[in-house]
Amino acid sequence: MKYYDRLIFELSKKGRTAYTLPESGCPAESIPAGLQRAQAPGLPEVSEVDVARHYTNLSQMNFGVDTGFYPLGSCTMKYNPKINEEIAAMPAFQGLHPLQDESTVQGALEVYYEMDKALASITGMKHFTLNPCAGAHGELTGLMIMRSYHMHRGDLARTKVIVPDSAHGTNPASAAVCGLEIVEVKSGANGLVDVESLKPLLGPDIAGIMMTNPNTLGLFEKDIKEIAALVHECGGLLYYDGANMNPLLGMVRPGDMGFDIMHLNLHKTFSTPHGGGGPGSGPVGVAERLVEFLPVPRVEKLEDGSFHVVRNCETSAGQVSAFMGNFGVILRAYAYILMLGKQHIKMAGKLATLSANYIKECLKDAYKLPIESVCKHEFVFDGLIDDGSSTGKPGATTLDVAKRLLDYGFHAPTIYFPLLFHQALMIEPTETESKETLDLFIEVMHEIAREAAEDPDILHGAPHLTPISRPDETTAARNPILKFE
Amino acid sequence: MSKIEKGLLYSESHEWVKVEGNVAVIGVSDFAQAEMGDITYVDMPDEGDEVTKGEDFGALESVKASSELYSPVSGKVVEVNSELEDAPELINEDAYAAWIIKVEMSDTAELDELLDAAAYEAIAK
Amino acid sequence: MSTFPYFPHTEEDIRQMLDRIGVKSLDDLYADVPADFLYKGEYDLPDAKSEHEVRALFEALAAKNTKQTVFAGAGSYDHYTPAIVPYLLSRSEFLTAYTPYQCEISQGTLRYIFEYQSMICTLTGLDVSNASMYDGPTAAAEAMRMMVACAKKKNTVLVSASLLPQVKDVVRTYAKYYGTTLKEIPVVDGQTSFLSMKELLEQGDVAGAIIPSVNRFGIVENLSGFAAELHLSGALLALYCDPSALGVLKTPAELDADIAVGDGQSLGIPMSFGGPSVGFMACRKEHMRKLPGRIVGQTVDADGKRAFVLTLQAREQHIRREKATSNICSNESLMALFVTIYLSVMGPQGLREVNEKCYSGSHYLYNELLKTGKFEAVFPDKPFLKEFVLKPLVDLDALRRRLQEAGFFAALPTEEGYASFCVTEKRSKEEIDALVAIVKEG
């Protein structure tokens, strides 16, 4: 990757243009001066060639799944199939206005209906809303459904939600946005939610519990049956954070484990591209007794086989996005599900789990494995076994290992999360990587461990081969420069 | 080994208190600033805000972390150290010179529950 | 069905990997899962398909949609998309990248977000923009929460009745659970009522107000004095804006707003049945720490080279957890890139021309529809840019259906029973005349 140091604004030259617009033929009328801004916006004036070269150059400073292996824990960076892109770009879908009459969008509505059905079957839930635009948006929507359920029953005291200390940061944040108070439950030494610690927290003020299973350590919460019984007994509901659904794809259904509400990340488990941080899609599924609380609008099938949009429903938790979510992302995920079919889906989770366990076993001689156990789609190391501090130099940290990996052409794992371990290094390979890729990664991780033991300074200075070296983030935060001037 | 200034009172959440009559001058200990690393921002209350012992009145931020500030006493904020708005690094430079807020105490008996330097030394490690 | 293009494992690979792990079968990797949770049934899914079959299936679905010439807006606008925008967006280095946490190999993403933030700032006149929100309505809901956070002890937000229904609905949903009191400022003569807002302010507890700069009737609201009145009560003004229109209209900064939010879809993003779009959110510098979502900042690397990083992250959920300014994590980054490239292509002059063409076209349609005698004006003295409403003198539903059969999506009914129309730069005089001819027939 090369370094390219321009901003589009710096290519601007007055009078240059990159657009053409049609002549409408309507009589020209001028916008009243009194409505207008004093100065034109400071947008760049560039040619189409400038735009093409500039953004191509920017792209070449980026690393994507198509560039190389992306073992980012809890992010499920699986391959993004190209047929998905072709489908989402079809003019017959892209050209649809969201408020067009139902009779003119039956194909789009059928996608919603079929997608709901497919996700329900894959997860064991009754119905899904596809309206949330991302995972955290799904969490918030799911918690709104949880609260609606309690409010509808007049059970107004349930204002607290239990969140394990290993949870994704979005869990407590979503609960706070939903007006819930957070009660943290500790993990035991085995990395799992401790049932004995949970029991005293349960009571008439508990709306529910948010669980990630397998959890952020990649461990299956094997006491989930008992936890579900305890939470249900106290009148609470179980929320499933689907960020870690991938290893269960084709193996275990959250609905069967006793979960009442869940979200999925279509941009994780269902292969849609992350786009540098979005757009995602966070469908929320519910058990039968919660269907009436799903957000509007919703798609249903009428007796004549046509599809209808339900826009009003008194018990609904409300409307959560502009229209019906990120349709373009839903199309991509539906294409993926159709490719998988009922046959291949059964291999997806298993192969993701196989890859993770393989890396874990091959690297635990060089990296500290805090919990010895079979993992699911991901696992967490707690830094290097030999960080090189015996050389008299400061030892190499997890950050150093991550940065050194960039020099070898791999994306870094997730680091310093979960918070349970100081040097957390969280690796998730997914099912779309070959054994050769995994073997190369393992070899590089061993090489980095050797470098650290011999001369940790090699790691401290890393990365050496990327477009930029480590940036000064402290100055960036103390004296923020947030726009071009 | 972090510095612990004698003659100040300390909370278990690593704030220090210097008593000036009815006013408590509050900052964070050298141990706390060292744990945080380079402080990039200090979230402070406004003058006139009420603070309650044990409840947060603001936060310290670094690039990758945030730590709540807990008030060691109850009362009304009478002054905030506005120098920290543009220079949060003052806390890193000298945590005992860079006070954060001054509080007019509503109950000076709360001071009795704070630690002296010797007792704080036992937990600041 | 033994091979699948996205699973590269051969049987031999699987066996070697299992051996290395020390288990006999793939199922052994699930030994920690209680046996009754292992799904034994068959998924209610279609059979696996080839790519060719999947393409054919979607072509069949696509054929069940009917192409319409769009003469309506209401939050989704049929603007022109320059060819180069989707072309560049499809570059896999942008498309298949994660959030730019590893800044050394994400300078492409970080740079375009910095450019995006700069463009949102110049469009709104405000100081700070975040890296994007999901869509306009959720950005408005975040503005509600942000104003409550800025005000500290006040918990009421005023919401103009002239906002788009989906904006009001989403704000109402967020308020219900977050515990914010909403009060609606009524519409008088097609515009947010200043006097009613004043009365609501007198009742106290107001943290801020959300008001559209261009409202659901398409009217450019006269907002002079609104911000001053709010500020007198210690309340903030969040303006809901159409970013395309900000190419010509008074900026939120000129209207003295504190926060600007809106939907970026009008910047050439395909309607795509409502998503993905992108929400934008900008504010004045003094409220920067309360702004939700990711923000990119400029700095230098260890060698002094200009570099870009995610900054002010201590506001965010992955660090601050329940005390974060918001729960947002994934945003609409790729659509922010869309907007950035679109605005680079259009530049200040192109954006102005888009608005001028919308203005000319919509006023032509407005006048021609009035001439048919099937409509009368509702707000004859109010300025509009591309969208307007008329009062139908005929059965609106029947008219809408006739237009639909002729291939036009137009005359969208508002909650008052008015017919809403929209004309973008894509609509030609011939298309407008054809629409008017259908109206005349009835």
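The side chains of E42(C) and K342(A) meet in a salt bridge, at 3.1 Å from N to O; the term covers a side-chain nitrogen of Lys or Arg within 4 Å of a carboxyl oxygen of Asp or Glu. Across the interface of chain C and chain A, the rule finds 13 salt bridges. This is a predicted model, where local features need pLDDT of at least 70, side-chain atom pairs count only at pLDDT 80 or more, and totals for chains, interfaces and linings use all residues. Residues are numbered from 1 along each chain as its sequence is written, chains are lettered from A in the order in which they are written, and side-chain values use heavy atoms, with hydrogens and water left out.

**Confidence**

- The predictor gives the complex an ipTM of 0.98 and a pTM of 0.97.
- Chain C averages a pLDDT of 97, and 100% of the residues score at least 70; pLDDT is the predictor's confidence in each residue, from 0 to 100.

**Chain C with chain A**

- Chain C brings 186 residues to the contact and chain A brings 206 residues, contact meaning heavy atoms within 4.5 Å.
- About 17,000 Å² is buried between the two chains, with carbon and sulfur atoms giving 64%; buried area is the accessible area (1.4 Å probe) that two parts lose on being put together, summed over both.
- On the chain C side, Y177(C), F273(C) and R321(C) lose the most area to chain A, together 6% of what that side buries.
- There are 100 residue pairs in polar contact across this interface, both residues at pLDDT 80 or more. A polar contact is a pair of N or O atoms within 3.5 Å; within protein, one must be able to donate a hydrogen and the other to accept it, and residues adjacent in sequence count only if both atoms are side-chain atoms.
- Helix α11 (residues 333-371) of chain C gives the most to the side that touches chain A, with 27 residues; helices here are DSSP runs (H or I, at least four residues), numbered from the N terminus.

**Chain A with chain B**

- Here the contact takes 4 residues from chain A and 8 residues from chain B.
- The area buried between chain A and chain B is about 510 Å², of which carbon and sulfur atoms give 51%.
- E473(A), T474(A) and R478(A) supply 84% of the area that chain A buries against chain B.
- The count between these chains is 2 salt bridges, and R478(A) meets E89(B) in a salt bridge at 3.7 Å, N to O.

Note on methods
Helix = DSSP H or I, 4+ residues; strand = E, 2+ residues; numbered from the N terminus.
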